[in-house]
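Here is a short report on one helix and some aromatic rings. Look at the structure first, then read on.

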Amino acid sequence: MTSNADVLFLGRLFPPVNEDSVRSKARVDMQDAANQLQWNLINGFKKNGVKNINVVSYLPVDSWPKHYKDAFVKQIDCNIYDVQFRSVAFCNVTYIKQILCKKVCNKSVVEWAKNKNGRKKFLFCYTCNNTLMRAVAAAKRANPDVVAVQIIADITEFAANDNAKGIKKQFIINEIKTNERLMKHIDGYVLLTKQMKEKLGI
């Protein structure tokens, strides 16, 4: 990947410009380790000379009203650390948020994919989250020349709740199957452990 590459980082992180506000509204602990890891990766691109970096983020907060004070999360667009950052807007209600976030993530990522500016495009997707994976698939359909790389911090099946029952258990099973289908759009992987490679069969 050259310094002239066009990079989009698709993940779940919050911008420092409103971190205090987000924390004040959260009723449960924030995903600090995951957030820091994602920023470390972005800063790593910069230190290796990549100049054109965009971030599309699906804010990592749990649902209203039990876990977060806002039922609606507003879109944020800003330039921070020479990175174009967008945190997408969504209705923060369980199940509704999964549907709406898929649409807004897709829209932002496809806009980037269609902007053929002469630079090689690399799309880095953090984790196996299906909302983000569907956005990767949409980007590849919009521009097959996009190189999609998945950074896997955990595997959907490992992250599932083994004690889930009934509808929730079926939902988890369906999500795992959907994730396996979406993997065909990925061109390469960044894995944290050797065990992940064996589990994914790559």
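## Charges over rings

A charge sits over a ring if NZ of Lys or CZ of Arg is within 6 Å of the ring centre and within 35 degrees of the ring normal. The charged end of Lys 121 meets this for the ring of Trp 112, 4.5 Å from its centre. Arg 12 places its charged end over the ring of Tyr 58, 3.9 Å from the centre.

## Basis

The model is predicted: local features need pLDDT of at least 70, side-chain atom pairs count only at pLDDT 80 or more, and totals for chains, interfaces and linings use all residues. Residues are numbered from 1 along each chain as its sequence is written, and side-chain values use heavy atoms, leaving out hydrogens and water.

## Aromatic pairs

The structure holds 5 aromatic pairs (ring centres within 6.5 Å, taking the six-membered ring of Trp; planes under 30 degrees apart are stacked, over 60 edge-to-face, the rest tilted). Tyr 58 and Phe 90 form an edge-to-face pair, 5.4 Å centre to centre, with 90 degrees between the planes. Tyr 58 lies in the loop between strand 2 and strand 3 (72–73) and Phe 90 in strand 6 (residues 90–91), so the pair ties together parts 32 residues apart in sequence.

Trp 39, Tyr 81 and Phe 85 form one aromatic cluster.

## Helix 2

Helices are DSSP runs of H or I with at least four residues, strands runs of E with at least two, numbered from the N terminus. Helix 2 covers residues 32–47. Asn 35, Gln 38, Trp 39, Ile 42 and Phe 45 are buried there (under 20% relative accessible area; exposed is over 50%, partly exposed in between; 1.4 Å probe, protein chains only). The face turned away from the buried side carries exposed Ala 33 and Lys 47. Just after helix 2, Gly 49 takes a positive phi of about 95 degrees.

Terms used:
The expected span of a helix is 1.5 Å times one less than its number of residues.
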